[in-house]
Amino acid sequence: MGLSRNVIPGITGDYVTIVFTTMEIPCSLQGVLTSSPEVLGGTICFAGTRVPVETFLDYIETGHSLERFLDGFPSVSETQAKKVLEWQSENSRLVLGLAS
């Protein structure tokens, strides 16, 4: 799990170290998805975007087409979305911690 350290001034003027952890992305989706404390508080998003993968999964699960999602979120590539669908067909949403 990746760690990012930020130092902020504490109340007394001393420095306090805050450690933010990022969510773990499956190896097969490295480069497709990303999680960073600086982007939506560490929510798993499509790499290079601020689009949460959970939004995509919700679209698909409620019967919307891949094309409709891509039209609404043009920063996500078709390749990225298809890789997530391939991964999902082999795995569970539980692995990403997105179970409803």
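This is a predicted model: local features need pLDDT of at least 70, side-chain atom pairs count only at pLDDT 80 or more; totals for chains, interfaces and linings use all residues.
Student: What percentage of the residues count as buried?

Tutor: Of the chain's 100 residues, 31% count as buried.

Student: Which elements does the chain hold, and in what order do they run?

Tutor: There are 4 strands and 3 helices. From the N terminus on, the order is β-β-β-β-α-α-α.

Student: What share of the contacts joins residues at least 24 apart?

Tutor: Take contacts between residues at least 6 apart in sequence. Of these, 29% join residues at least 24 apart.

Student: Now the helix packing. At what angle do helix 1 and helix 3 pack?

Tutor: The angle is about 70°, and the axes lie 11 Å apart. Helix 1 covers residues 53-61, and helix 3 covers residues 78-90. Angles of 65 to 115 degrees count as roughly perpendicular, so helix 1 and helix 3 are roughly perpendicular to each other.

Student: Which residues make that contact?

Tutor: Helix 1 brings Val53, Phe56, Leu57, Ile60 and Glu61. Helix 3 answers with Ala81, Val84, Leu85 and Gln88. By class, the contact has 7 nonpolar, 1 polar and 1 charged residues.

Student: Let me pick one residue there. Is Leu57 buried or exposed?

Tutor: Buried means under 20% relative accessible area. Leu57 has 4% relative accessibility, so it counts as buried. Leu57 is in helix 1. Its C-alpha atom is separated by 9.1 Å from that of Gln88, 31 residues apart along the chain.

Student: Which residues touch the most other members of the largest nonpolar core?

Tutor: That core has 17 residues. Leu33, Phe46, Phe56, Phe69, Val76 and Val84 touch the most other members. Helix 1, helix 2 (66-72) and helix 3 are the elements that give two or more residues to this core.

Student: Take Val84. What does Val84 touch, not counting residues up to four places away in sequence?

Tutor: Val84 touches Leu29, Val32, Leu33, Phe46, Val53, Phe56 and Leu57. Of these, Val53, Phe56 and Leu57 belong to the helix 1 side of the helix contact.

Student: On to backbone angles. What is phi of Leu40?

Tutor: Phi of Leu40 is near 50°. That is a positive value in a residue other than glycine. Look for Leu40 in the loop between strand 3 (33-34) and strand 4 (45-46).

Student: Which residues is Leu40 in contact with, leaving aside neighbours within four places in sequence?

Tutor: Leu40 is in contact with Cys45, Arg50 and Pro52.

Technical notes:
Residues are numbered from 1 along each chain as its sequence is written. Side-chain values use heavy atoms; hydrogens and water are left out. Axes are lines fitted to C-alpha atoms, for helices over the stretch in contact, and angles run from 0 to 180 degrees between N-to-C directions. Angles under 35 degrees count as roughly parallel, over 145 as roughly antiparallel, 65 to 115 as roughly perpendicular and the rest as oblique. Contact means heavy atoms within 4.5 Å. Ala, Val, Leu, Ile, Met, Phe, Trp, Tyr, Cys and Pro count as nonpolar, Asp, Glu, Lys and Arg as charged, and the others, Gly among them, as polar. A nonpolar core is a set of buried Ala, Val, Leu, Ile, Met, Phe, Trp, Tyr and Cys residues joined through side-chain atoms within 4.5 Å. Buried means under 20% relative accessible area, exposed over 50%, partly exposed in between (1.4 Å probe, protein chains only).
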